[in-house]
Amino acid sequence: MSDRAIPRSLRMMEGFGVHTFRFVNDEGKAHFVKFHWKPVLGTHSLVWDEAQKINGKDPDFHRRDLYESIENGDYPEFELGVQLIKQEDEFNFDFDVLDPTKLWPEEDVPVKIIGKMTLNRNVDNVFAETEQVAFHPGSVVPGIDFSNDPLLQGRLFSYTDTQLIRLGGPNFHELPINRP
């Protein structure tokens with residue numbers, strides 16, 4: 001029950017990160033960035049009564065809907081969008097761009113679509129492809145860097161400890177699902 005409502009389907013739900021990262025080009029010029037996933041099917045929601053009926057009859061509705069859509073070849077697609085703010089413009093807004101509790105208003109900082117993700121297969125091995133995934137904000141590709149976002153900085157420190165304990169040792173990044 002958020003301002004973004006209850007999704008009709010996971011295929012119709014936006015995703016976005018709370019953290020502010022940085023894009024840095026070869027010349028060292030940086031932009032603050034927030035990432036967004038926009039469903040190609042559009043964003044659709046349920047009203048409270050619909051959600052209670054669906055969940056009451058089938059508590060696994062969302063998971064089953066996503067799984068069956070992929071199995072039937074109706075692949076969910078999400079566009080990858082970014083909001084960019086030049087690093088030198090950090091203090092030109094009436095909100096703190098590094099505060100993870102603040103949304104960047106899309107009317108002030110529009111989302112630019114830069115890619116697409118298609119979910120085109122379900123997992124074959126739940127243990128190897130789901131249970132061993134090590135989500136860590138420090139796993140970035142060249143060109144993406146960290147900002148001074150305080151929550152991001154805390155997670156960069158603590159998530160390594162979490163993965164060491166959860167996955168049993170320091171080589172969790174070498175498991176096939178966690179390799180770049």
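How many Å apart are the mean positions of the positive and negative charges of the protein chain? And where is Ser-158 found?

Analyst: This is a predicted model, in which local features need pLDDT of at least 70 and side-chain atom pairs count only at pLDDT 80 or more, while totals for chains, interfaces and linings use all residues. Residues are numbered from 1 along each chain as its sequence is written, and side-chain values use heavy atoms, without hydrogens and water.

The mean positions of the 19 positive and 30 negative charges lie 3 Å apart. Lys and Arg count as positive, Asp and Glu as negative, with His and the chain ends not counted; each charge is placed at NZ of Lys, CZ of Arg, CG of Asp or CD of Glu.

Ser-158 belongs to helix H4, residues 150–166. Helices (H or I, at least four residues) and strands (E, at least two) are DSSP runs numbered from the N terminus. The protein chain has 4 helices and 8 strands, in the order β-β-β-β-β-α-α-β-β-α-β-α from the N terminus.

With a relative accessible area of 29%, Ser-158 is partly exposed, a class between buried (under 20%) and exposed (over 50%), using a 1.4 Å probe and protein chains only. Of the 180 residues in the protein chain, 29% are buried.

Ser-158 is 120 residues from Lys-38 in sequence, and their C-alpha atoms are 29 Å apart. The C-alpha atoms of the protein chain fill a box of roughly 50 × 45 × 25 Å along the principal axes.
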